[in-house]
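User: I'd like to go through this one with you. Can we start with helix packing and then move on to domains and chains?
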Amino acid sequence: MSQFVLRRVLIAVPVLIGVTLLAYLLVNLAPGDPVTAMIDPATRAELGQEWVEQRREQLGLNDPPLVRYLLWLQQVAQGNLGYSLVGGQPVAEQIGARIGPTALLMGTALLLGGVIGIPLGILSAIRQHSILDYLTTVAGFLTVSTPSFFLGLSLVYLFAIRWRAFPSSGMRTLGEPETATDLAHHMILPVTVLALAHTPLLMRYARSTMLEVLRQDYVTTARAKGLRERIVMIGHAFRNALIPLITVVGLSLPELLSGAVITETIFQWPGMGMLAVRAVNARDYPLILGTILVTATLVLLSNLAADLLYGVADPRIRVSARRR
Amino acid sequence: MQGRNAIGQRRIGRRRLVGQSAAAGLAVAGVGHLGVTRSAARQEAASGILQMGRESEFQPNFNPMQVATGTQTQICDLIFGRLLKVDTDLNLVPDLAEAYEISDDATQFTFTLRDDAVWHDGEPVTVDDVIFTYRLAMRPAAAARQWGKLSQIAGAIEFNEGASDEAAGLERVDDQTVRFTLAAPNVAWLFGTALSNSLMWILPEHILGDADPAALDQHPFMLAPEVGSGAYRFIDYVPDQYVQFEANPDFYLGAPKIGQVFLQLAVPTTQLAQLESGQLHLMPRMSPRDGERLQDDPALRIEPAPGVGVFQIAVNNERFPDKRVRQAMMYAVDRAALLDVVELGQGRLVNSTVIGPEWATYDDLDDYAYDPGRARELLAEAEWDGSRTISLTWSQGFQAIELAAPVFQQQLAEVGITVELAPLESAAYLQAVVTEPDFDLAWFGGGSYGMDPDVSSAYYLSTTWTPAGANTTHYANEALDELFIAGRGTPDLEERAAIYHDVALTLNEDVPTLFFWSNNLIWGISANLAGVRPGPNQYIWWNIQEWSLNEG
């Protein structure tokens with residue numbers, strides 16, 4: 001087992017280098033550079049070519065792209081993600097400041113999505129063609145096909161402007177002491193939007209895998225043995241339905257820290273999504289690479305976690321892994 | 001040194017603050033500041049919290065030499081002083097300098113500093129701070145955006161290139177006086193855009209004295225500039241949330257009445273929601289539609305302030321050398337109707353880029369009233385080739401242009417000019433129009449033409465063609481060049497007004513760019529905020545010490 005983990009971790013190193021190199025070359029191919037990306041063309045014309053040259057020199061943009069990438073890689077190997085080109089702050093500090101808010105927001109939303117979605121999906125599978133099944137299906141399709149910007153702005157209009165029940169944005173009431181209640185109050189609207197996006201997804205997966213499992217011979221066998229329905233459902237059916245669910249949850253784990261751009265923007269939540277978009281718009285190469293590095297690491301880690309969890313859920317997978 | 005350590009500690013503190021509140025939702029201690037609390041009695045007078053909205057996408061760096069966005073401009077205006085500042089009516093008014101004098105030949109600018117200005121840490125603001133700031137900005141390693149203006153100082157180029165240790169034109173006359181001597185006369189030297197202004201934000205030498213000019217962006221001070229000299233002092237910046245400031249009771253123009261200012265960082269839709277729900281007191285750049293919708297909201301005042309920019313189409317003069325064709329395009333478009341549709345009438349039509357201030361406005365220009373018949377005549381005279389297709393580009397996402405472009409296209413088609421719409425992503429646009437010019441027509445807006453008529457010179461002098469300069473049209477007119485040079489050479493307003501009259505007439509006749517309008521900047525202001533007098537170019541803070549909040 002530990003050999004398996006070690007091998008996966010070692011493979012991750014070249015994968016990460018490949019991903020960041022590719023990303024770096026792509027952003028360098030795109031038109032624009034950090035010096036001119038954030039200023040409008042009229043201002044750029046006013047500032048003149050001479051200023052652009054001085055600024056490029058100051059930011060070290062005159063080296064060839066590959067050289068700059070290697071310099072970056074050397075820094076990273078020493079545990080330094082570099083400095084943002086437009087903001088001047090250390091990249092690690094910027095990412096560090098965003099990970100907390102993102103994890104809080106996305107974690108709560110994913111948790112809610114799982115806690116509501118999975119049981120609902122299982123229930124509607126067990127009672128297929130019941131009113132509950134139809135209701136959750138219709139509601140699920142409705143919410144999953146409503147774009148988050150529309151849902152977000154509607155909630156803001158209704159709950160923040162019309163009824164003034166919740167703040168429209170931010171993480172805290174400015175000018176007042178920070179409290180957990182205040183934070184929770186600010187979280188309700190954005191978490192609702194994100195949870196509504198995740199719930200139907202998990203619900204539909206739970207429902208379909210559960211339906212599939214329920215048709216298996218071993219469920220019939222268990223029932224024939226006279227086991228109680230509850231034990232059949234939980235011990236036999238659900239346990240087997242878990243495997244595809246782990247994949248789905250595992251795939252959405254990177255989101256936990258990479259953020260949701262649209263929802264974060266609408267609710268002005270200072271998360272990773274906004275940071276990443278900002279970095280790309282500003283052609284802030286070190287910041288782009290930093291966010292990609294973090295996200296890619298998370299994807300690899302959550303894939304690994306999902307693989308390990310398969311073993312917990314299903315002993316057969318553990319055995320075959322060992323044989324190989 | 002003390003200051004630098006203190007700032008370092010604060011930054012760690014802020015990071016911890018965000019981390020904790022986020023991860024565990026713990027209540028954390030209220031935000032404090034390290035500055036010495038002085039004049040406690042006067043401090044009590046300032047109360048209330050002003051909340052203002054700003055675009056969130058700003059560069060979170062407070063290095064005054066790299067200011068690139070309106071948000072950064074406002075932050076620097078709040079915490080730093082300049083020698084002079086601009087009021088609502090575009091006059092230069094005293095700031096750190098209580099008086100200034102321009103020599104008759106428009107080459108010498110002498111500023112007398114006030115003697116009561118202090119930094120937020122209690123140190124006096126001295127003439128040495130002024131000299132320090134300008135010297136620092138003239139170094140090549142600082143890559144200051146103001147270089148275009150600073151390079152006009154006598155000896156600045158030699159200093160910049162290392163040929164000299166001193167810039168001859170930057171002179172410390174005595175303890176209260178500093179003098180700038182320009183290499184060539186330019187009375188308009190003091191006017192510029194917010195982003196490339198000769199009136200720099202003055203920096204504290206006692207803190208930045210030994211900073212490396214090449215690494216200013218990463219200097220702790222530039223990430224948390226806790227020592228300025230402005231009306232408010234910087235307290236905290238939380239990414240994508242807010243920038244917090246506290247009243248400076250020792251502000252030299254008078255202690256502010258409002259205790260704290262928060263710039264809430266959010267996209268305009270969010271700002272609007274915050275303004276309507278009472279979470280904001282002030283929102284800049286409201287769209288005309290929202291302005292109209294909220295006109296009757298008793299909790300708000302909607303105030304349109306005249307802008308200083310010009311909405312216009314740059315015509316590639318090398319490809320359209322016949323001015324009759326350019327004039328025809330002016331006559332072909334119903335600009336008045338377009339202004340009503342695009343800006344809901346929030347703006348004024350302009351017929352040149354010389355649009356202000358008050359003394360430089362002229363009403364005897366051709367107003368190019370909608371006349372498709374005249375346009376056809378002019379095209380026939382110019383033997384316009386009707387089979388030619390010309391392309392119109394702009395930077396994608398510019399809403400006003402996206403509304404106006406199809407109408408422009410249709411109205412030009414009616415007089416026989418086929419226009420193809422070709423919007424470009426902003427970086428590609430920059431390349432096609434500025435750095436490697438290859439375009440027919442390019443639509444853009446903004447600029448600060450209304451600040452001083454000389455601002456136009458940057459766009460029309462034959463010596464400032466792109467990519468080195470800002471003349472995107474590659475228009476060249478020797479007579480106009482001479483007028484612009486003459487206009488810079490005298491501080492006498494009447495003389496200048498006469499010169500720029502000729503400039504306006506020339507531009508009006510030659511139409512190197514197609515002039516549309518100067519649109520208003522619409523401010524949404526909470527009814528309980530008093531004293532705000534919006535100025536051009538978002539210079540809103542100029543009288544902030546007089547603002548007050550009346551919250552019941």
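User: Is the crossing of α9(A) and α10(A) right-handed or left-handed?
Analyst: The crossing of α9(A) and α10(A) is right-handed. A crossing is called left-handed if the near helix is turned anticlockwise from the far one by less than a right angle, and right-handed if clockwise. Helices (H or I, at least four residues) and strands (E, at least two) are DSSP runs numbered from the N terminus.
User: Before we go on, what are the ground rules here?
Analyst: This is a predicted model, in which local features need pLDDT of at least 70, side-chain atom pairs count only at pLDDT 80 or more, and totals for chains, interfaces and linings use all residues. Residues are numbered from 1 along each chain as its sequence is written, chains are lettered from A and ligands numbered from 1 in the order in which they are written, and side-chain values use heavy atoms, with hydrogens and water left out.
User: Back to that pair. At what angle do the axes of α9 and α10 of chain A cross?
Analyst: Roughly 160 degrees, and the axes of α9 (residues 217-224) and α10 (residues 229-258) of chain A come within 10 Å. That makes α9(A) roughly antiparallel to α10(A). Angles under 35 degrees count as roughly parallel, over 145 as roughly antiparallel, 65 to 115 as roughly perpendicular and the rest as oblique. Axes are lines fitted to C-alpha atoms, for helices over the stretch in contact, and angles run from 0 to 180 degrees between N-to-C directions.
User: Which residues make the contact?
Analyst: From α9(A) they are Tyr218(A), Val219(A), Ala222(A) and Arg223(A), and from α10(A) they are Glu229(A), Val232(A), Met233(A), His236(A), Ala237(A) and Asn240(A). Contact means heavy atoms within 4.5 Å. By class, the contact of α9(A) with α10(A) has six nonpolar, two polar and two charged residues. Ala, Val, Leu, Ile, Met, Phe, Trp, Tyr, Cys and Pro count as nonpolar, Asp, Glu, Lys and Arg as charged, and the others, Gly among them, as polar.
User: How do α1 and α13 of chain A pack?
Analyst: Helix α1 (residues 2-29) of chain A and α13(A) pack at about 150 degrees, with axes 9 Å apart. α1(A) and α13(A) are therefore roughly antiparallel to each other. Their crossing is right-handed. Residues of α1(A) in the contact include Phe4(A), Arg8(A) and Leu16(A), and those of α13(A) include Tyr285(A), Leu293(A) and Asp307(A). The contact of α1(A) with α13(A) divides into 18 nonpolar, four polar and two charged residues.
User: And what about α5 with α13 in chain A?
Analyst: Helix α5 (residues 91-126) of chain A meets α13 (residues 285-313) of chain A at about 50 degrees, with the axes 10 Å apart. That makes α5(A) oblique to α13(A). The crossing of α5(A) and α13(A) is right-handed.
User: How many helices and strands does chain A have?
Analyst: There are 14 helices and zero strands in chain A. Its C-alpha trace spans about 85 × 60 × 35 Å along the principal axes.
User: How is chain A divided?
Analyst: Into domain 1 (2-77) and domain 2 (97-323), with bounds that come from an automatic or database domain assignment. The C-alpha centres of these two domains of chain A lie 32 Å apart. About 1700 Å² is buried between domain 1 and domain 2 of chain A, of which carbon and sulfur atoms give 80%. Buried area is the accessible area (1.4 Å probe) that two parts lose on being put together, summed over both. In domain 1 of chain A, Arg8(A), Leu16(A) and Trp72(A) lose the most area to domain 2 of chain A, together 27% of what that side buries.
User: What area is buried between domain 1 and domain 2 of chain B?
Analyst: About 1000 Å², with 69% from carbon and sulfur atoms. In domain 1 of chain B, Leu90(B), Val187(B) and Phe191(B) lose the most area to domain 2 of chain B, together 44% of what that side buries. Leu90(B) also has a positive phi of about 65 degrees although it is not a glycine, and Leu90(B) lies in the loop between β2 (84-86) and β3 (92-94) of chain B.
User: How many residues does each chain give to the contact of A with B?
Analyst: Chain A gives 59 residues and chain B gives 68 residues. The area buried between chain A and chain B is about 5300 Å².
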